[in-house]
Amino acid sequence: MNNPITAVLEPVIYSEVSAQFVKTYEAKKLSDKSGADWDDKTNPLLVELKREIKKHYLKAQNYTCAYCQQKIVVDHNGAWDTEHIAPRDSYPSFMFVPENLCVSCKDCNGAKSNKTVLANRNRRSFPRHSKDYTICHPHFDTYSKHIRVIGEAVLYLPRTKKGQALIEMCGLLRFVYGFADYEIADLNFGSKVIALGTELQNAQSAFEQIAIAQILRTMLDEGLRGAALKQLKQLEL
Ligand SMILES: [Zn+2]
């Protein structure tokens, strides 16, 4: 949770060879493009282009997921997905647009999947404004204006509708549901509840108060369920 992205992301600048590849691809008819083109492992130009993209965004994002802001300091491909913000299956024409690219963790990418992020789903040209997107966008929005991350408890509070949409789309509540695995007596659990209680006390608006209270309720429910399950298991033994 260190060094969250506060500035808007710097787009990748392609090498000459990659830029030429992209130009050729983008000149193709829409009917000749498909999201699966990305997965062609036989073309060394594409392999190199994808390597450039991932390398750039890992550095530009400081090894921090664009959606959940978790930091994973590893280079190997297993930990990171190159992410098409407007999904490549729905919008193959935007596949190599630098502002449609970033890196995300596997969990966020998996949760987001092919869900639509465009205000107008039928866009043909690449949308370049914040208002064109339903979620807070890694290139066109400042994350902290839309989502407040409570680092101590790893909780995500929406500040705007776009923030709320991103929390739902990327399943960021999974960090709360994760508490189901803890016992209620777990010290970690208690400190998280207290941290959240303090946030509730310091809520800056009625909206924020409701959002925190809802997360707190979920967390307590899940914690109690976890503890109850554990007791049940002990009885069965
Ligand atoms: Zn993530």
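Cysteine 68 and cysteine 108 are both buried. Keep in mind as you look around that this is a predicted model. The two cysteines join distant parts of the chain: cysteine 68 sits in the loop between H2 and strand E1 (80–84), while cysteine 108 belongs to helix H3 (residues 106–112), 40 residues apart.

## Cysteines without disulfides

How many disulfides does the structure hold? The count is zero. Cysteine 136 is an example of a cysteine in no disulfide: the nearest cysteine sulfur, which belongs to cysteine 170, lies 9.0 Å away. For a disulfide, the two sulfur atoms would have to be within 2.5 Å. Cysteine 136 is also buried, because its relative accessibility is 3%.

Histidine 139 is found in the loop between H3 and helix H4 (143–146). Its relative accessibility of 5% is why histidine 139 counts as buried.

Which backbone oxygens does its side chain meet? One is that of leucine 101, which the side chain of histidine 139 reaches at 2.7 Å. Another is the backbone oxygen of proline 98, 3.4 Å from a polar side-chain atom of histidine 139. Setting aside neighbours within four places in sequence, the contacts of histidine 139 include Val8, Leu9, Glu10 and Pro11, along with Tyr57, Ile85 and Glu99. Pro98 and Leu101 are on that contact list too.

## The two faces of helix H1

Now for helix H1, which spans residues 16–26 and has Ser18, Phe21, Val22 and Tyr25 as its buried residues. Viewed down the axis of H1, these buried residues fall within an arc of 95 degrees, so they line one face of the helix.

What covers that buried set? Helix H2 (44–60) is part of the cover over the buried residues of H1. On the face of H1 turned away from the buried side, you will find the exposed residues Glu16 and Lys23.

Terms used: Residues are numbered from 1 along each chain as its sequence is written. This is a predicted model: local features need pLDDT of at least 70, side-chain atom pairs count only at pLDDT 80 or more; totals for chains, interfaces and linings use all residues. Side-chain values use heavy atoms; hydrogens and water are left out. Buried means under 20% relative accessible area, exposed over 50%, partly exposed in between (1.4 Å probe, protein chains only). Helices (H or I, at least four residues) and strands (E, at least two) are DSSP runs, numbered from the N terminus. The arc is that of the directions from the helix axis to the C-beta atoms. Contact means heavy atoms within 4.5 Å. A polar contact is a pair of N or O atoms within 3.5 Å; within protein, one must be able to donate a hydrogen and the other to accept it, and residues adjacent in sequence count only if both atoms are side-chain atoms.
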